[in-house]
Amino acid sequence: MMSYKTETNPDMSNEVETLNYTDIIETVISSLDQHNNVLVNSSEDGHIWKFKYGSVDVFIQLTGSSEDDSFTVWSPVLQLPVQNETHLMRKLLELNWLSTFEAHFSMFNQQVVAVTSRSVADLSPGEISHLITLVATIADDHDDELQAEFPAAAV
């Protein structure tokens, strides 16, 4: 059974313990990272992690630990532009309907990505693990197929 560090929030008079999301995320990454090459960037805007899962890069962003902050996981699966983008968009919409669960395909920085995002409010260790694993698995399951079916467009 995994255990996670907690921190006492000094701003709360009833001393409610909050989860240390950074430690939880790093524990999940260590169980999934297949190349022992995790990159981390920390700033006042939060943390971003990058690790390799199968043939895809997975990114995790945590903007902080308050209820107003966000937790986002994404993984690029296809570089745009591609041939037959209309067919690609239809395929992605169909995949979003039945096979992506709490995640979905989207476009970001001229790439198709698998992504999930939510507020930190009531975020549990199990949900963190589930969402990271979900995005990594969906991206790795679909990247090779999409790249083969939709080759790069001639520019």
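Two strands count as paired if DSSP finds at least two bridges between them. Strands (E, at least two residues) and helices (H or I, at least four) are DSSP runs, numbered from the N terminus. The model is predicted, so local features need pLDDT of at least 70 and side-chain atom pairs count only at pLDDT 80 or more, while totals for chains, interfaces and linings use all residues. Residues are numbered from 1 along each chain as its sequence is written, and side-chain values use heavy atoms, with hydrogens and water left out.

**Whole chain**

Start with the chain in cartoon view. It has 3 helices and 8 strands, in the order β-β-α-β-β-β-β-α-β-β-α along the sequence. Of its 155 residues, 37% are buried; buried means under 20% relative accessible area, exposed over 50%, and partly exposed in between (1.4 Å probe, protein chains only). Switch to a surface: the chain exposes about 9100 Å², of which carbon and sulfur atoms supply 50%. Areas here come from the Shrake-Rupley method with a 1.4 Å probe, and for residues only the protein chains shown count as cover.

**Strand E6 and its partners**

Select E6, residues 70-79. Of its 10 residues, 8 are buried, so E6 is largely enclosed by the rest of the structure. On one pairing, 4 bridges join E5 to E6, and the two run antiparallel. Find Ile 60, which stands opposite Val 73 in E6. E6 also runs antiparallel to E8, with 9 bridges between them. Here, look for Trp 74, which stands opposite Val 115 in E8.

**The nonpolar core**

Which residues touch the most other members of the largest nonpolar core? Select Ile 25, Ile 60, Phe 71, Leu 88, Ile 128 and Ile 132, out of 38 residues in that core. A nonpolar core is a set of buried Ala, Val, Leu, Ile, Met, Phe, Trp, Tyr and Cys residues joined through side-chain atoms within 4.5 Å. Elements giving two or more residues to this core include helix H1 (21-32), helix H2 (85-98) and helix H3 (125-149). H3 supplies the largest share, 9 residues. In soluble globular proteins, nonpolar side chains tend to be buried together.

Now centre on Ile 60 and show its contacts (heavy atoms within 4.5 Å). Leaving aside neighbours within four places in sequence, the contacts of Ile 60 include Ile 25, Ile 29, Trp 49, Phe 51, Phe 71, Trp 74 and Ile 132.

**Salt bridges**

The whole structure holds 6 salt bridges. Each is a side-chain nitrogen of Lys or Arg within 4 Å of a carboxyl oxygen of Asp or Glu.

Select Lys 91 and Glu 145: their closest N and O atoms are 3.1 Å apart in a salt bridge. Lys 91 lies in helix H2 and Glu 145 in helix H3, so the pair ties together parts that are 54 residues apart in sequence. Is Lys 91 buried or exposed? Lys 91 is buried, at 18% relative accessible area, whereas Glu 145 is partly exposed at 35%.

Glu 149 is partly exposed, with a relative accessible area of 33%.

For the last stop, show Lys 50, Lys 52 and Asp 57, which salt bridges with shared partners join into one network. Between Lys 50 and Asp 57 the closest N and O atoms are 3.9 Å apart. Lys 50 is partly exposed at 28% relative accessibility, and Asp 57 is partly exposed at 28%.
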